[in-house]
Every structure is written in C-alpha cells, then in structure tokens.
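Visitor: I would like to learn how to read a pocket and the ligand in a model. Please start with the pocket.

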Amino acid sequence: MSDKNGILQKLSASVIEGNIEAARSAVAEALAEQLDPLEAIENGLAKGLREVGRRFEAGEMFLMQLILSGEAMKTGVELLKPELLRQKKHLATSGKFLIGTVEGDIHDIGKTIVAAMLTADGFDVVDLGVDIPDKVFVEKINEIKPQILGLSALMTTTRTKQRDVIDALKLAGTRNSVKVMVGGATVTPEWAQDIGADGYAEDAIDATKKAKRLLGG
Ligand code: HCB
C-alpha cells in the first residue's frame with residue numbers, strides 16, 4: 001500500500017533521476033490513489049525539479065541530466081493534466097488569457113502548468129509556446145484581444161524581454177487594452193513593478209488568483 005508522501009517522493013525522485021518511465025508509473029500510482037493532481041505537480045514533480053535546479057546551479061548535475069529531468073517533468077504533467085481539468089468545474093469563461101515564453105527562452109514547463117491551471121479555472125487560454133518574438137505577442141494581442149497577457153521568462157538574460165514586450169505594446173498603442181502578468185524563476189515582484197507589468201505570479205495557483213483580481217474579481 002502506497003501512502004501519499006511515498007507517492008509524492010516517487011514523483012520527485014523520478015524527476016531528479018530524469019527517469020520518464022518512473023515518472024509515468026508514479027503518476028499512474030498518484031491517479032490510482034486519487035491524489036490531488038495539483039498537489040502531485042507542485043509537491044511531487046515540481047519539487048523534484050526545484051532540487052534539480054539547485055544541483056545544476058551547484059555544478060552537481062549536468063545539462064544532459066537537466067534535459068532528462070525536464071522531459072520526465074513534462075511527461076508527468078501531461079499525464080496529470082486531464083485529471084486536473086476534469087476536477088475543475090467549468091463555469092462561465094473567466095476571460096481570455098494569452099501566454100507564452102519570451103524570445104530566446106525555451107523553458108516551457110512552468111508556462112504550461114500556468115496555462116493548464118487557468119484553463120481549469122475557466123479561462124479561455126491561448127498558449128503561444130516558447131521563444132516568442134515581441135512582435136508576435138503584439139500581433140496576437142491585436143488578433144485575439146485577450147484581457148490578460150502572461151509572459152514567462154526563466155533566465156536573467158531573457159526576463160528583459162518582458163520589458164521589451166511591454167514597450168512594444170506601448171509603441172503599438174495597445175498597452176492599455178491588456179493587463180500584463182509576468183512570472184518565471186528569476187522574476188520577482190520588484191522586477192514586475194520596475195518594468196511596468198500589472199501583476200506578478202509566483203506559481204500557477206497564484207496566477208489564477210491574480211488573473212481574477214486583474215479582471216476585477
Ligand atoms: Co534551464 N535554467 N537552461 N533548462 N532550467 C534554469 C532556469 C536556471 C535557473 C538553472 C540554474 O542555473 N540555476 C538557469 C537560469 C539562470 C539565470 O538566468 N539566472 C538555466 C539555464 C542557464 C539554462 C540554459 C542556458 C543552460 C545551458 O544551455 N547552458 C538553457 C537555456 C536554453 C534557452 O532557453 N535558450 C537551459 C535549458 C533547460 C532545459 C531545456 C534543459 C530544461 C527546460 C525543459 C523545458 O522547459 N521543456 C531546463 C530546466 C528544466 C531548468 C530548471 C531546472 C527548472 C525550470 C522549471 O521548469 N521549473 C531551472 C531551475 C530553476 O527554475 N530554479 C533551470 C518548474 C516550473 C514549474 O517552474 O518557475 O518555470 P517555473 O514556473 C512557475 C512559476 O515561475 C510561475 O508559475 C509556474 C508554475 O508554478 N510562472 C508564471 C512561470 N511563468 C509564468 C508566467 C506568468 O504569467 C505567471 C506565472
């Protein structure tokens with residue numbers, strides 16, 4: 001019999017080891033034991049990835065291992081996503097949310113989790129993907145007319161792109177038509193304020209709360 005903590009540990013370990021098969025089987029166990037899928041992501045898979053980040057930074061892990069850990073995390077999230085969406089009640093659409101990872105940055109896990117949570121909370125989400133040039137954000141805002149734009153950036157070298165997108169929106173005369181929410185590992189509330197964003201979100205749960213608040217909810 002597996003207890004909840006044991007399953008969360010298996011989820012974390014599968015990501016730390018970069019073992020996709022172990023991630024699949026730990027997720028299967030989590031689903032069978034009816035673990036909250038969000039908890040499985042945040043306290044299981046993502047916890048493992050945070051440890052991977054720490055080890056990578058300390059030079060204890062190499063890029064190849066980082067890639068495998070990212071793949072294990074992505075596999076786990078994809079398998080948990082249907083259950084996450086199933087459990088949430090789809091009420092009236094909360095609003096349109098456009099999201100993407102900025103140019104030069106290919107990190108997509110956090111953004112994908114945020115998109116899944118917002119969808120589960122009733123937002124109509126358009127996910128542009130990763131490495132998105134500023135002008136594409138501007139074009140898509142004109143085309144889709146979202147109430148909120150989410151900009152994800154994981155590196156200090158790419159978070160400056162969040163400011164560039166905001167500047168591009170100002171230049172295009174569309175800045176006032178959309179609220180901008182920023183997030184990502186190196187992004188802070190101070191940074192969000194400095195670049196003139198309307199909001200900052202620490203994680204996916206925070207993103208849904210802040211998105212509703214930005215819409216006046
Ligand atoms: Co990457 N990487 N990486 N990486 N990577 C980081 C981000 C470092 C911090 C690791 C380190 O050195 N400590 C570092 C950046 C350092 C810095 O700038 N300060 C780094 C680096 C340097 C690099 C490369 C340059 C390495 C190299 O090639 N030498 C390279 C960059 C390539 C590029 O983008 N051009 C690289 C590559 C990779 C991969 C491909 C191996 C892999 C990504 C796989 C993928 O996404 N498919 C990867 C990974 C996995 C990481 C770490 C370990 C985890 C990132 C992650 O997915 N976290 C990360 C270490 C870390 O973050 N501490 C490391 C889990 C998610 C759930 O958290 O923060 O992304 P999150 O998202 C949260 C939160 O921020 C918020 O909600 C999410 C959900 O809770 N949020 C938003 C995010 N976006 C939001 C948008 C909103 O509107 C609202 C909220």
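Visitor: Which residues lie nearest the centre of the largest pocket?

Guide: A pocket is an open set of points on a 1 Å grid over the protein atoms alone, where a 1.4 Å probe fits, with protein on both sides within 12 Å along at least five of seven lines; lining residues have an atom within 4 Å of a point. Here 43 residues line the largest pocket, and Leu49, His107, Gly110, Leu154 and Ala185 lie nearest its centre. This is a predicted model: local features need pLDDT of at least 70, side-chain atom pairs count only at pLDDT 80 or more, and totals for chains, interfaces and linings use all residues. Residues are numbered from 1 along each chain as its sequence is written, and side-chain values use heavy atoms, with hydrogens and water left out.

Visitor: How much space lies in the largest pocket?

Guide: A volume is the space filled by probe spheres set on the points, which are joined across faces, edges and corners. For the largest pocket this is about 1,600 Å³.

Visitor: Which element gives the largest share of the lining?

Guide: Helices (H or I, at least four residues) and strands (E, at least two) are DSSP runs numbered from the N terminus. H3 gives the largest share of the lining of the largest pocket, 8 residues.

Visitor: Why does the largest pocket lie between the domains?

Guide: Domain bounds come from an automatic or database domain assignment. Domain 1 (4-86) and domain 2 (95-214) both contribute lining residues, so the largest pocket lies between them.

Visitor: Where does the ligand sit?

Guide: A molecule sits in a pocket if more than half of its atoms lie within 2 Å of the pocket's grid points. The ligand sits in the largest pocket. Elements giving two or more residues to the shell around the ligand are H3, H4, H5, E3 and E4, and H3 has the largest share, 5 residues.

Visitor: Which residues come nearest the ligand?

Guide: A residue is near a molecule if one of its heavy atoms lies within 4 Å of it. Of the 34 residues around the ligand, Ile106, His107, Asp108, Ser152 and Thr156 come nearest.
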